Amino acid sequence: MLKAIASMLLLSATPLLQAADLTASLPVRLSEVKAGERPLELQGTPVALQTLAPDFKVADAGFKPVKLSDFAGKTVLISTVPSLDTGVCSIQTKKFNQEVTTLPADVVILTISNDLPFAQKRFCQKEQVDKLLVLSDAVWGDFGSSYGLRIKDMGLLTRAVLIVDRNGKLVYQQLVPKLSEEPDYTAALTTLKQFAGKKS
């Protein structure tokens, strides 16, 4: 009887072990991003500028999948934050939400974090963030691993801004050097407007 129970427990634990192994198997690199004075290890495969941006799958507030390829033909700014419920992440998200109205119609701004979709929905309602898409990488972990932005041992995304042009190419990327600091909004928005105005 005890052997049978032990076997059942081992079998039920197997999927959890496999999930842990998937995270552990991601490539790891020591980055220039710091939390305090400590350099962070980032997991996943970084994307080089001027190369095609990998497609990815994240979740909206209703846990429905949203992909980069859904915005084909548009210029996409991706703002990543560790957690919306912290001061700098909140400021960053609200700043880009304000800027949407000043941008051409063919521009899309996404904010991606590892907060769960229902937590993101609560944040957006409270802070009146309603002009950009706030999406979660917590469900599949596809974005962080595809772009090399997952912070090892924290399960969060590092703070970054990326721009993908209408041809699907990564044309701008800033990994904010200190996790506690805001990104360079001026550089990101200037680049965004330049590429939004270009013809294919």
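Predicted model: local features only at pLDDT ≥ 70, side-chain atom pairs only at ≥ 80, totals over all residues.
Figure 1. The chain holds five helices and 11 strands. Of the contacts between residues at least 6 apart in sequence, 66% join residues at least 24 apart. A search of the whole structure gives six salt bridges, among them the pairs Glu41–Lys152, Asp85–Arg122 and Asp106–Arg166.

**Figure 2. Helix α2 and its cover.** Helix α2 spans residues 87–99, 13 residues in total. From its first C-alpha to its last it reaches 19 Å, close to the 18 Å expected at 1.5 Å a residue. The buried residues of α2 are Cys89, Ser90, Gln92, Thr93, Phe96, Asn97 and Glu99. Their cover includes the strands β5 (75–80), β6 (107–113), β7 (133–136) and β10 (160–164). Helices α3 (117–127) and α5 (185–196) also contribute to this cover. The C-alpha atoms of Lys95 and Tyr185 are 8.5 Å apart in space, although the two residues are 90 apart in sequence.

Figure 3. Five of the five residues of β10 are buried. In a regular strand the side chains alternate between the two faces of the sheet. In β10, Ala160, Leu162 and Val164 lie on one side, Val161 and Ile163 on the other, and both faces are covered. β10 pairs with β5 in the antiparallel sense over five bridges, and Thr80 has Ala160 as its bridge partner. Five bridges also join β10 to β11 (residues 170–175), again in an antiparallel arrangement. Here Val164 stands opposite Leu170 of β11. β10 and β11 form a hairpin with five residues between them. Gly168, in the turn of this hairpin, has a positive phi of about 85°.

**Figure 4. The open sheet β1-β2-β8-β9.** Four strands make an open sheet in the order β1-β2-β8-β9, with antiparallel pairing. β1 (28–35) and β9 (156–157) stand at the edges and have a single partner strand each, so one side of each is left without a neighbour in the sheet. Within the sheet, two bridges join β2 (residues 38–43) to β8 (residues 150–151). The bridge partner of Gln43 in β8 is Arg150.

**Figure 5. The salt bridge between Glu41 and Lys152.** The side chains of Glu41 and Lys152 meet in a salt bridge, with an N to O distance of 3.9 Å. Glu41 belongs to strand β2 and Lys152 to the loop between β8 and β9, so the pair ties together parts that are 111 residues apart in sequence. Glu41 counts as partly exposed at 32% relative accessibility. Lys152 is also partly exposed, with a relative accessible area of 30%.

**Figure 6. The salt bridge between Asp85 and Arg122.** The side chains of Asp85 and Arg122 form a salt bridge of 3.0 Å, N to O. Asp85 is in the loop between β5 and α2 and Arg122 in helix α3, so that the pair links distant parts of the chain, 37 residues apart. Asp85 is partly exposed at 47% relative accessibility, and Arg122 is partly exposed with a relative accessible area of 45%.

**Figure 7. The salt bridge between Asp106 and Arg166.** In this pair the closest N and O atoms are 2.8 Å apart. The link is between distant parts of the chain, 60 residues apart: Asp106 lies in the loop between α2 and β6, and Arg166 in the loop between β10 and β11. Arg166 is buried because its relative accessible area, 19%, falls under the 20% cut-off.

Figure 8. Leu116 lies in the loop between β6 and α3. Its relative accessible area is 39%, so Leu116 counts as partly exposed.

Definitions and conventions:
Residues numbered from 1 in each chain as written. Heavy atoms only, no water. Expected span 1.5 Å × (residues − 1). Buried < 20%, exposed > 50% of the residue type's maximum accessible area, 1.4 Å probe, protein only. Contact = heavy atoms within 4.5 Å. Pairing = 2+ DSSP bridges. Salt bridge = Lys/Arg side-chain N within 4 Å of Asp/Glu carboxyl O.
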